[in-house]
Amino acid sequence: MLDDRSKLLMKALVERYIADGQPVGSRTLSKASGLELSPATIRNVMSDLEDLGLIVSPHTSAGRIPTARGYRLFVDTMLTVQQGTMPAHSLAPDQPQRVISNAANLLSNLSQFVGVVIAPRRTSAFRHIEFLRLSEKRLLVIIVSPDGDVQNRVIYTEVDYAQSQLVEGANFLNTHYAGLEIEEVRKRLQNEVDSLRSEIATLMQAAVHASSEAISESQDEVVISGERNLLSVSDFSSDMGHLRRAFDLFEQKAQLMRLLDVTGQAEGVRIFIGGESQVVPFEDLSIVSSPYEVDGKVVGTLGVIGPTRMAYDRMIQIVDITSKLVSNALSHHK
């Protein structure tokens, strides 16, 4: 258990290191903490904090920097988040896909790190389908989901359909199958194919296949924005190995999904600091995340990924506000 003096010095050290990115020496710490202590006294406290695994001295400097354990202590017991210090932002109700993309961009722009959003799992049902003739034997299938999201798919057909046939096929699908899961539509079409004109039946089967593919490809989509921001973060730009590991993580979307799935299992904003557990596999990265909702039900997770040396108070505000904006935008888009 740390005494008050040790807590004050620990807090001052973390805040100074986050601000400057340089190992913090005794003299700097004395000024930053506001405590009138001799350098020898501060060095003794630093030695105790180092023994506890809260700080470490890099090889090239007499100053100290926080460890993952030190960051965790700071975040859990010393961090104060000022409410209402963020400028106002908004996300307009729109197609869910666009809201998610805009949210990832907002997270990235505000944090100057990487914004990540797991899109809600889409239903495999459709509300409306349209066909548009692009050229001979080439059609655009427009699929509108029950929540208003729009998927487009180009398909190639063996028959050159007239626009009147495309309208007939779309009307049949919308009248008889709207709101049903795609697999259920596929089964019913197989049973009813004899009662339909062969060319229309073929068109609808192609449309169902295209819809199934489009929905399958968009499931559990991870939207990432701002990876290039890490190029200007000194913690990464000075070490290509760190940068490469970070970019590898963004390419492995399945791993990102698992990361954010873990972070989305609790209410409110959570912070995962690299190196303190297996949750975040890279010592150089931290994740500040929060779940978001649609009509009161948690449907996805969003967050900021950046260096462990980040302004956690500001990131908490950014993530918390963005999760509320996304929840409102998706809940009001009907």
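How many helices and strands are there in the protein? I counted twelve helices and ten strands, taking helices (H or I, at least four residues) and strands (E, at least two) as DSSP runs, numbered from the N terminus.

**Ground rules.** I am working with a predicted model, in which local features need pLDDT of at least 70, side-chain atom pairs count only at pLDDT 80 or more, and totals for chains, interfaces and linings use all residues. Residues are numbered from 1 along each chain as its sequence is written, and side-chain values use heavy atoms, with hydrogens and water left out.

**Overall.** I find that 46% of the 334 residues count as buried; that means under 20% relative accessible area, with exposed being over 50% and partly exposed in between (1.4 Å probe, protein chains only). I also looked at contacts, meaning heavy atoms within 4.5 Å. Of those with a separation of 6 or more, 60% come from residues 24 or more positions apart.

**Helix 1 and its partners.** I started with helix 1 (residues 4–20) and helix 3 (residues 39–51), which pack at an angle of about 85° with their axes 10 Å apart. The axes are lines fitted to C-alpha atoms, for helices over the stretch in contact, and angles run from 0 to 180 degrees between N-to-C directions. The two helices are therefore roughly perpendicular; the classes are roughly parallel under 35 degrees, roughly antiparallel over 145, roughly perpendicular from 65 to 115, and oblique for the rest. From helix 1, Arg5, Ser6, Leu9, Met10 and Leu13 meet Thr41, Val45, Met46 and Leu49 of helix 3. That contact has six nonpolar, two polar and one charged residues (nonpolar: Ala, Val, Leu, Ile, Met, Phe, Trp, Tyr, Cys and Pro; charged: Asp, Glu, Lys and Arg; polar: the others, Gly among them).

Next I checked helix 2 (residues 26–33), which packs on helix 1 at about 105°, with the axes 9 Å apart. This pair, too, is roughly perpendicular. Here Leu9, Ala12, Leu13 and Arg16 of helix 1 meet Thr28, Leu29, Ala32 and Ser33 of helix 2. I sorted these into five nonpolar, two polar and one charged.

**The largest pocket.** Which residues lie nearest the centre of the largest pocket? They are Tyr17, Ile65, Asp235, His242 and Thr308, out of 21 lining residues. I noted a volume of about 590 Å³ for this pocket. Strand 2 (65–66), helix 4 (68–78) and helix 9 (234–237) each give two or more residues to the lining. By class, the lining has seven nonpolar, nine polar and five charged residues.

I then followed up Thr308, in the loop between strand 10 (297–307) and helix 12. Thr308 counts as buried, at 14% relative accessibility. Beyond its neighbours within four places in sequence, Thr308 touches Tyr71, Ile273, Gly274, Glu283, Asp284, Leu285 and Ser286.

**Positive phi.** Lys137 has a positive phi of about 60° and sits in the loop between strand 4 (128–135) and strand 5 (138–144). With a relative accessible area of 36%, Lys137 is partly exposed. Asp295 has a phi near 55°, in the loop between strand 9 (285–294) and strand 10. Asp295 counts as exposed, at 53% relative accessibility.

**Helix 12.** Last, I visited His332 in helix 12 (residues 312–332). His332 is exposed, at 60% relative accessibility. Its C-alpha is 8.7 Å from that of Val294, though His332 and Val294 are 38 residues apart in sequence.

How values were computed:
On a 1 Å grid over the protein atoms alone, a cavity is a set of points where a 1.4 Å probe fits but cannot get out, and a pocket is an open set with protein on both sides within 12 Å along at least five of seven lines; lining residues have an atom within 4 Å of a point. Grid points are joined across faces, edges and corners, and a volume is the space filled by probe spheres set on the points.
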